[in-house]
Amino acid sequence: MTDLLFIKHAAQLITVEGHSEKPAKKQAMSEITVIENGAVLVQDGKVLDVGETSAIEAKYSELIATANHIDATNKTVTPGLIDPHTHLVHAGTRENEYAMRLQGKTYMDIMNAGGGIHATTRATQEASFEQLYAESKARLDKFLTHGVTTVEAKSGYGLSLEHEIKQLEVSKKLQQNHHMDIVSTFMGAHAIPLADKDDPERFVDQVIDEMIPEVARRGLATFNDVFCERGVFTPEQSRRILEAGKEHGLIPKIHADEIEPYGGAELAAEVGAISADHLLRASSQGIEQMAERDVIAVLLPGTAFFLMAEFAEARKMIDRGVAVALSTDANPGSSPTLSLPFIMNLGCLKMGMTPEEVITATTINAAHAIGRADTIGSLEKGKQADITIFDVPNYLTLSYQYGMNHVDTVIKKGIPVVIQKQLQ
């Protein structure tokens, strides 16, 4: 099989070029670069060149003669989508809680009664490695068929050293075996275990003194995340956990201001987090501080949609100079979806983002949110050839026809892994 791939005659080729060194902000989030009748030439898993089809054919005629060809006539080609916030590895589902919420119970009501994160923790602790791997692989397969080529995956349903390690080891094996690239985040501080409910400091100490050092020693995670929310971890506890992670080489992330304003955005700026996620109730001061400290806002409109809550103020954040990324927040309790294109729809319809901005938010800015913008997130010479082909004639249709999977072909490291909607 040749190591050359030539994608030609794309109705629109979206490169999102020019933002690899720093995430796109403000007007730059609309600068996605559209090439009509576009082409991409791939060699050895990397982008060799992009441009108009006729120009690429003339420049590389000998190479193209030996390449595999994909005709993208009447289709739109983009960088492979990137999901920078998922809870991929877990066991079980929580549809019973969905029914409870429809009857008036809140997310925190259910969690405080022993459901929510605690329910998934029990299922994940009881699950074997093999079960967790099989369930998580099935989710990755579905992500791939929705055009996603890289995901971030958090632990956080173990809430003990043994089971947090188990989750991260599953992610590691999936990274080794699956087409998808997986970037791992340690999130032992996802909830206070019920056994420590009356003495949360004991669990905070366990996360800091036992879990973080061992996760770092094994090299199982790049990032360290914490759920900073009233009734979960206080800003001071969160600060201690994130600073401890930094001492062991783990980059801070933070679940911030999801339920109420709680100083999470401000804390993200203070500790130099790469991203603050959720931010449904972030304060104006917190948004300003994030902009000043270059903290990326990873917004999760699927969570607001599913919890029937107010959406994050994406428009306000963008206008104030915060780089915005979008994610599914795929998890069994508050956002049980694997469709990043639907999240793009919600970004436009519920958070005031433009079609151009949501493309940036799910490609290059999402890459920056997981520290991978040097290799993925745009179609530029030398970058990894992660490419999604949508069966639509222009990118506007992606947000116009909502709730539909328009993915036709997905290419990972130069290899087609989804062809005409079928997983290979």
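## Basis

The model is predicted, so local features need pLDDT of at least 70 and side-chain atom pairs count only at pLDDT 80 or more, while totals for chains, interfaces and linings use all residues. Residues are numbered from 1 along each chain as its sequence is written, and side-chain values use heavy atoms, without hydrogens and water.

## Helix α7 against helix α8

Helix α7 (residues 161–177) crosses helix α8 (residues 200–218) at roughly 30°, and their axes come within 10 Å. That makes α7 roughly parallel to α8 (an angle under 35 degrees). The crossing of α7 past α8 is right-handed.

On the α7 side, Leu-161, Glu-164, Ile-165, Leu-168 and Glu-169 meet Gln-206, Glu-210, Met-211, Glu-214, Val-215 and Arg-218 of α8 (contact means heavy atoms within 4.5 Å). By class, five residues of this contact are nonpolar, one is polar and five are charged.

## Helix α8 against helix α9

The axes of α8 and helix α9 (residues 235–247) lie 10 Å apart, at an angle of about 10°. α8 is therefore roughly parallel to α9.

Pro-200, Glu-201, Val-204, Asp-205, Val-207, Ile-208 and Ile-212 of α8 meet Gln-237, Arg-240, Ile-241, Ala-244 and Gly-245 of α9. Seven residues in the contact of α8 with α9 are nonpolar, two polar and three charged.

## Cysteines

The structure holds zero disulfides (pairs of cysteine sulfur atoms within 2.5 Å). Cys-228 counts as buried because its relative accessibility is 0% (buried means under 20% relative accessible area, with a 1.4 Å probe and protein chains only). Cys-348, at 16%, is also buried.

Technical notes:
Axes fitted to C-alpha atoms, helices over the stretch in contact; angles between N-to-C directions. Helix = DSSP H or I, 4+ residues; strand = E, 2+ residues; numbered from the N terminus. Parallel < 35°, antiparallel > 145°, perpendicular 65-115°, else oblique. Left-handed = near helix turned anticlockwise from the far one by under 90°. Nonpolar A, V, L, I, M, F, W, Y, C, P; charged D, E, K, R; others polar. Buried < 20%, exposed > 50% of the residue type's maximum accessible area, 1.4 Å probe, protein only.
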